[in-house]
Amino acid sequence: MTVPLVATAIAHPNIALIKYWGKRDVAENLPAVGSLSVTLDAMCSRTRVCFEPGRKGDSVRLNGREDAGAASRISACLDLLRRRAGVGHGALVDTDNDFPTAAGLASSASGFAALVTAAAAALGLDLPARELARVARLGSGSAPRSLFGGFVVLRNAPDGDVAVEPLLPAPAWPLRVVIAIVATAPKETGSRDGMAASRATSPYYGEWLRSHDADLEAGLRGVRDRDFAALAGVAEHNCLKMHAVMLTTRPPLIYWSPTTLACLQLVQSLRRAGTPVFFTIDAGPQVKAVCEPGAAALVRDALAAVPGVMQVIDSGLGPGAHCTDG
Ligand code: DP6
C-alpha cells in the first residue's frame, strides 16, 4: 500500500468541566486524575504534516514561525507513529491556531489532537481512537479529549494508560461556552511545570487527588441527566479546588487577574438571579462561562461590559478531530 505521506487535520480546543491537574507519571505524561470536557466549535487548530523521504529530524512551524520549543514533544508523538508505520522520514509540521496560543485556551490540546490525526492519516495508519489518544497524551494530557466532539470523559484505564470516550454528542445538550478574553500574553508558568510544582509543594494536592473521583462521577451524572444545576455546582467547586491547589503551590501559581475575579463574580450573581450559567477557569486568566443556549446573549453582553475584558467569544460545542483536504 502506498501511503500519502501528507495530510491535514482540524481539531478544536476543549474546556474541562472537571479538571486534570497533576501527573502520576511525568516521563509518560500520564494524568493523576480523570477529567470531563466539552469540545468547542468556535476556534480551531489546523495542522499539516508532511513526511519527506530522506529528511532527518522534524521541523515545526507554529502560526507561520519556526518553533524549536515545541519540536521535542511533537517528535515524541511522531516517533511512536513512525515506528507503527515502519517509516523513518522526518516531517514538516505546520500548525495554525485561530485563537491566542498558550494563554489558557487549550491550544496544546487542539494542536496535538490535530497533529496525531494528520500524522496517522499521512502514514496510512487507521488507528482506533483509543490508540490515537495514547499518542496524543504524550504531547498534552488534555489532547485526547479533543479527538472527540461534545462531552468527553478521560479516565485512567486499568492497564495503566488513559481511556477517552465520548459521553454525549454536542446536539444532545447544546450548551454554549462564552469565553471572556482578559489577556493574550502567554502565561508565566505552563501547565507542565505548574503541575510538577503543585505535586511537590501544595499541602492540598493530596486532598485534590483524594476527592477527585467523586467530583468526576458527579460531573458525569450531571451530563447524563442533563442536570444543569448539578453540573454547575460540581464544575465550579472542582475548578476552585484546582485553583486552591495552584494558589498554595510554592512559589504560588496565581493565574487570575482582577478582571478574572470580576467575571467570576458576575457569573455568580447572574446565576443567583436565575440565569443558567456557571464559570470555569484553567491555567490562565480567561473566564469560560458555560450556559444554556437561551442565556448566551445575556451572558455575552454582561461579560463584554466588564472593565478589562478585551474580547468575548461565544462558542457552541463542536466536533472531534478530523482530516480535511487542504
Ligand atoms: C488546567 O493538558 O495543558 O487546563 O499534559 O502538561 O500538556 P500537559 O497539560 P495540559 O493541562 C491542562 C490543565 C488544565 C485543566 C484541564 O484542561 O483539564
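The second largest pocket of this predicted model has a volume of about 270 Å³. Its lining is made up of 14 residues, and those that lie nearest the centre of the pocket are Lys 187, Glu 188, Thr 189, Ile 254 and Tyr 255. By residue class, the lining of this pocket divides into nine nonpolar, three polar and two charged residues. For readers who wonder how such spaces are found, rolling a probe the size of a water molecule over the atoms shows where empty space is left.

In Lys 23, an N or O atom of the side chain is 2.6 Å from a ligand oxygen. For Arg 145, the separation between a side-chain N or O atom and an oxygen atom of the ligand is 2.8 Å. Arg 192 also takes part, with a polar side-chain atom that lies 3.2 Å from an oxygen atom of the ligand. On its own the ligand has 450 Å² of accessible area, and the protein covers 93% of this.

Two details of the backbone are also worth a look in the viewer. The peptide bond that joins Arg 250 and Pro 251 is cis, with omega at about -10°. Pro 251 is placed in the loop that runs between α6 (228–247) and α7 (258–272). Elsewhere in the chain, Leu 5 has a positive phi, near 65°, although this residue is not a glycine. Leu 5 is found in the segment before β1 (6–11).

Notes:
Residues are numbered from 1 along each chain as its sequence is written. This is a predicted model: local features need pLDDT of at least 70, side-chain atom pairs count only at pLDDT 80 or more; totals for chains, interfaces and linings use all residues. Side-chain values use heavy atoms; hydrogens and water are left out. A polar contact is a pair of N or O atoms within 3.5 Å; within protein, one must be able to donate a hydrogen and the other to accept it, and residues adjacent in sequence count only if both atoms are side-chain atoms. Accessible areas come from the Shrake-Rupley method with a 1.4 Å probe; for residues, only the protein chains shown count as cover. On a 1 Å grid over the protein atoms alone, a cavity is a set of points where a 1.4 Å probe fits but cannot get out, and a pocket is an open set with protein on both sides within 12 Å along at least five of seven lines; lining residues have an atom within 4 Å of a point. Grid points are joined across faces, edges and corners, and a volume is the space filled by probe spheres set on the points. Ala, Val, Leu, Ile, Met, Phe, Trp, Tyr, Cys and Pro count as nonpolar, Asp, Glu, Lys and Arg as charged, and the others, Gly among them, as polar. Helices (H or I, at least four residues) and strands (E, at least two) are DSSP runs, numbered from the N terminus.
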